[in-house]
Amino acid sequence: MMKIMSKDRTDLKGMTLPELEILLSRWGKERYRARQISRWIYQQFAGDFAAMTDLSKGFRGELSRECRISSPPVEKVETSADGTEKYLFRLEDGETVEGVLIPEEDRRTLCISSQVGCALRCGFCATGAAGFRRNMSSAEIVHQVCIAVKRLAKRGERLTNVVFMGMGEPLENPAEVSRAIEILLSQSGFGLSGKRVTVSTAGVSKAMLELAERFPVSFAVSINAPRDELRSRLMPINRRYPLGELVAAMKKIPLRSGRKVTAEYVLLAGINDFESDARDLALLLKGARVKVNLIPFNAHEYGDFISPSPETADRFREVLLAAGIQTITRERRGADIRAACGQLRGAAEAKTP
Ligand code: SF4
């Protein structure tokens, strides 16, 4: 059983239902108690055991002595003119990560982080530029969701989607990300359906397939270049998992009918946004059940890249559509609060001597 952080008390946040059941069975408690506690943590947002009124007083006391429910406060919330909320979470060891809540008509999507920093150093990414600090625990990962669900509940809204698209590469932290996904999908956790949980990866093919075998979640793969030579320059991970292997893995992901893997493509002016790139991309993705998300680069302080013109983005999209590939250009959200990954943290750290 994993003990998380300080004070020798076991953190129950971040434990999956089977893990909670094992813990409680050691104390001779019934299995259903695990489900009760899980609901208190993820559905009632209990921060301590005193609130768990359907447990006996004695049991609550026992739990308080042995266990805790980590709940670090949110350090900062910024709200964009378009309603996007950006959170800066301060973790118990002082590190910071970011989350972004994106409201759309019928959706409330939370983008969460899975690592403090990132080791993959994609050339266009603020998080990659800042380097890797450590993996996040499942408790820290799901805590981001607790905060968003709680804030939404206060205004009578519900979280509908979670995307692992914040800081870090989720598949470089597969054990803790898997535990977090189990909690997201569990009926006594957040009760989300697999299609509403998306794991975004820079292309860690092997771990992607392993996760796809375990959970019916959705996948978004950052492609960003149609040829190995260019992709290796933009995304060094391509040397480990080249495009051929990556696309082959995407084709192997078990998909329920009608579902597709998302191929993400950040358009960088003069680098990967030529019509010939669009044609090469269409060829590369031939035969794969994919939809393409085009993301015009959001110019920021860490990169020398520039945003493509709307006309260039439109032309790129038209080439893909003509090849029969479902393609959308993603609307930029929260640009005024620097909602691209790693930018709020970057700003906070710049202020920290
Ligand atoms: S884009 Fe994602 S995988 Fe690449 S450096 Fe940034 S956080 Fe890491």
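Colleague: In which sense do strand 9 and strand 10 pair?
Modeller: This is a predicted model in which local features need pLDDT of at least 70, side-chain atom pairs count only at pLDDT 80 or more, and totals for chains, interfaces and linings use all residues. Residues are numbered from 1 along each chain as its sequence is written, and side-chain values use heavy atoms, with hydrogens and water left out. Strands are DSSP runs of E, at least two residues, numbered from the N terminus, and two of them pair if DSSP finds at least two bridges between them. Strand 9 (residues 161-164) and strand 10 (residues 197-201) share 3 bridges, and the sense is parallel.

Colleague: Happy with that! Which residue in strand 10 is the bridge partner of Val-163?
Modeller: Val-163 has its bridge partner in strand 10. That partner is Thr-198.

Colleague: Which strands are the edge strands of the open sheet?
Modeller: The sheet is built from 10 strands in the order 3-4-5-6-9-10-11-12-13-14, with mixed pairing. An edge strand here pairs on one side only, which leaves strand 3 (74-79) and strand 14 (326-329).

Colleague: And how much area do domain 1 and domain 2 bury between them?
Modeller: The division, from an automatic or database domain assignment, gives domain 1 (10-68) and domain 2 (74-351). Buried area is the accessible area (1.4 Å probe) that two parts lose on being put together, summed over both. Carbon and sulfur atoms carry 56% of it, and the total is about 1300 Å².

Technical notes: Helices (H or I, at least four residues) and strands (E, at least two) are DSSP runs, numbered from the N terminus.
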